Amino acid sequence: MQIKALQVNLQKPYTWASGWRSPVYCDNRKVLSHPYVRDFVKSELANMILDKFPDADVIAGVATAGIAHGVMAADLLKLPFVYVRAKPKEHGMGNQIEGELAPGKKVVVVEDLISTGKSSLQVVDALRAHGADVVGMCGLFTYGFPVADDAFAQAGLPLYTISNYTALMEVAEEQQLVRPEDKEVLAMWRKDPASWQPPVM
């Protein structure tokens, strides 16, 4: 929130690519422009991987936003790194997975942001189809949508993130960016973001 990577605005909600209206905007790419914040995120991500998945052989970043964070964590952990496109390239080698990844390797996927989980889990499917043993996913932030929780449960994949929507709301209230009376509106948005409409002010 300090660098405005995370913003809350009930008066002027943001519109996502999906068409959803959202009072919260998360742009983790801003982290890359702030060296000390970047160092903190890199360290926390590497520590999380080491703690939750100590047997990991390879770090895989989700293209494009998960690549930089994944590379930094892999560098700290001295682990190999690959990245995974949303779909195979339409030219050249036609790769979807870039880098060297032998079948059977234990892979931790790094994502910057988890919303519905759909695009993140498509990457997991691609890695598994390649023969990788995907042991889990680590990210910077999750909205904690029920649809994402269900999707990860069905995929049998543990998910850990540095921060989450609940923590964001606590800090936003402490910093008086969100009024106590707004908390219920924000909670309703997270329960059903697809049909949520901003309140009339």
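**Salt bridges and cores**

Mentor: Lys183 is partly exposed, with 39% relative accessible area. This is a predicted model, and side-chain atom pairs count only at pLDDT 80 or more. The partner of Lys183 is Glu173, and the salt bridge between their side chains has an N to O distance of 3.1 Å. Glu173 belongs to helix α5 (residues 165–174) and Lys183 to helix α6 (residues 183–191), so the pair ties together parts that are 10 residues apart in sequence. Glu173 also counts as partly exposed, because its relative accessibility is 26%, which falls between the 20% limit for buried and the 50% limit for exposed.

In total, the structure holds 7 salt bridges. Side chains of opposite charge can pair when their charged atoms come close. Another of these pairs is Arg179 with Glu181, whose side chains meet at 3.5 Å, N to O. This pair is part of a network of salt bridges that links Arg179, Glu181 and Asp182. With a relative accessible area of 41%, Arg179 is partly exposed.

A further salt bridge joins Asp39 and Lys42, with 3.4 Å between the closest N and O atoms. Both residues sit in helix α1 (residues 35–52), and they are 3 residues apart, about one turn of the helix. Asp39 has 39% relative accessibility and so counts as partly exposed. Lys42, at 23%, counts as partly exposed too.

Now to the nonpolar packing. In soluble globular proteins, nonpolar side chains tend to be buried together. Here the largest nonpolar core has 39 residues, and the members that touch the most others are Val109, Leu127, Tyr143 and Tyr165. The element that gives the most to this core is helix α3 (residues 118–129), with 5 residues. Apart from this core lies another one of 18 residues, including Leu45, Met48, Ile49 and Val108.

If neighbours within four places in sequence are left aside, the contacts of Val109 include Ala60 and Val62. Val123, Val124 and Leu127 are also in contact with Val109.

How values were computed. Residues numbered from 1 in each chain as written. Predicted model: local features only at pLDDT ≥ 70, side-chain atom pairs only at ≥ 80, totals over all residues. Heavy atoms only, no water. Core = buried A, V, L, I, M, F, W, Y, C linked by side-chain atoms within 4.5 Å. Buried < 20%, exposed > 50% of the residue type's maximum accessible area, 1.4 Å probe, protein only. Helix = DSSP H or I, 4+ residues; strand = E, 2+ residues; numbered from the N terminus. Contact = heavy atoms within 4.5 Å. Salt bridge = Lys/Arg side-chain N within 4 Å of Asp/Glu carboxyl O.
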